[in-house]
Amino acid sequence: MTSQTTVDKTGPADEVPAGSGPAPAKGLRGHPWFTLITVAIGVMVVALDGTIVAIANPAIQKDLGATFADVQWITNGYFLALAVTLITAGKLGDRFGHRQTFLIGVTGFAATSGAIGLSDGISSVIAFRVLQGLFGALLMPAALGLLRATFPAEKLNMAIGIWGMVIGASTAGGPILGGVLVEHVSWQSVFFVNVPVGIIAVVLGAVILTDHRAANAPRSFDLLGIGLLSGAMFCLVWALIKAPEWGWGAALTWSFLGISVLGFALFAFWENRVREPLIPLALFRSVPLSAGVVLMVLMAIAFMGGLFFVTFYLQNVHGMSPIDAGLHLLPLTGMMIVGSPLAGALIGRTGPRIPLAGGMACTAVAMFGVSTLETDTGSGLMSLWFALLGLGLAPVMVGATEVIVGNAPMELSGVAGGLQQAAMQIGGSLGTAVLGAVMASKVDNDLAGNWAEAGLPKLAPEQLGQAAEAVQVGAAPVAPDTPPDIAAKITDVAHDTFISGMSLASLVAAGVAVVAIFVALLTKRGANAEAGAGVGHL
């Protein structure tokens, strides 16, 4: 265990030996479980915004007269800002204190949410979404840093389990809440709902949160390192976002990917030479920490990529409303809510290796089950696979987070939290892009043959391309005046072709999960988890 000292920056700067944590908190200030409640409320709005806004996009497009590209930027601008700045934001927390960065992040997130709701033009919506992503990046690593500093090692897994439960429930519950708000109130309410929640988090944070900063916390900033890492991350995420539009073989796609690789190489070169690096590369000499980062990426590829197609399957193939589709995903949400704290307790007893491997095995089986879904599959069988997916994801979300944060020194807990979140964001982007390419390729290969076999009129190449774009999201390319019998045939062809593409993409996701099982075997309990833990009120 790394020997170090922690300092309480909100009260007297009393230093305590490593491993014993700060003096027990009196009252609310610094209380571990109230700290957990506070940071959970903060991260809830960020996780919720990742999925709730997708439901509001059609209404925003119609109300503001936006183009399809504009609407894409509502999501892409937020995601880019979040993914690119997470690690730097974690460093800010390590330098200035996670309490301060958390409060700034929550305040800014609530303020920009309100500003989006008051916007009367698409440009201002996009601009405030970018700012929202920046503030979200501030509070997410800070939340993990606060948990790491407040909870002792034997309780940290349980705390992260509840934290993961909140994120999972918020992410999966976004479409349900978004559907209700858009349908019965307005698209603006999707953003206004963050304001009162943010105010509650700020008030609780001001009263409850305490900073426990390491005495050897960073004192300077690696500005060139920040620039190189941010540029490399931007080029990587931008290439993944635009690859479906540009094409995976396009020069633009590979140019951005090449610049990204060069940026990461220059970043690694510089980090080995600067006195106080943004990310000490020695951090990755920890095999468990590196395995935890890789595992988080692989989990997000399988989960986010697979779930992307499931939402289209429920809405466009089964014809469900957004609310009904969200309700059909409740087994997944429910198992994550129940499974996350249980996984935290199990990992606390046995260590992360077996629960993580078992979780990825469940995920692999669940994604294989999703690959067997048909156009007429009933709700019962769907619920079984969704529940198994939630059961598999819970220990991975909890365990991989603890492995990453717990194996980092206390003074780098914010950077470690940023790494965890960045790995998840990049994995989600990779999953959507790669599995989307698998889907597109399968649809392109099968659609013309399926169309001809159904006896439908031959389509010109341009028409076939337009039809394939619709089929990739499960929609049937039926013209308004198409006779009912022809429309039924087109719908059958579209849905059967979509199912074949989703099946192949789900099998790829299952394969990724199988690889992750072996990565999970390289993990172990955080070697530095004891360094910052408080013991009061437990």
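Predicted model: local features only at pLDDT ≥ 70, side-chain atom pairs only at ≥ 80, totals over all residues.
Helices here are DSSP runs of H or I with at least four residues, numbered from the N terminus.

**Helix α8**
- Helix α8 runs over residues 223-246, 24 residues in total.
- From the first C-alpha of α8 to the last, the span is 32 Å, close to the expected 34 Å at 1.5 Å a residue.
- Within α8, a kink of about 35° lies at Leu240.

**Nonpolar surface patch**
- Leu28, Phe34, Ile37, Ile199, Val203 and Val207 make a nonpolar surface patch of about 510 Å².
- Two elements, α1 (32-64) and α7 (194-208), each give two or more residues to the patch.
- Helix α7 provides the largest share, 3 residues.
- In an α-helix, residues three or four places apart point the same way, because there are 3.6 residues a turn.
- Val207, one of the patch residues, is placed in helix α7.
- Val207 counts as partly exposed because its relative accessibility is 42%, between the limits of 20% and 50%.

**Thr150 in helix α4**
- Thr150 belongs to helix α4, which covers residues 122-150.
- With a relative accessibility of 4%, Thr150 falls under the 20% limit and therefore counts as buried.
- The side chain of Thr150 reaches the backbone oxygen of Leu146 at 2.6 Å.

Technical notes: Residues numbered from 1 in each chain as written. Heavy atoms only, no water. Buried < 20%, exposed > 50% of the residue type's maximum accessible area, 1.4 Å probe, protein only. Polar contact = N/O pair within 3.5 Å; in protein donor to acceptor, adjacent residues only side chain to side chain. Patch = residues over 30% accessible without salt bridge, like charges linked within 9 Å, V, L, I, M, F, W, Y side chains within 5 Å. Areas by Shrake-Rupley, 256 points an atom, 1.4 Å probe, with all protein chains shown as cover. Salt bridge = Lys/Arg side-chain N within 4 Å of Asp/Glu carboxyl O. Expected span 1.5 Å × (residues − 1). Bend = angle between axes of the 7 residues up to and from the residue.
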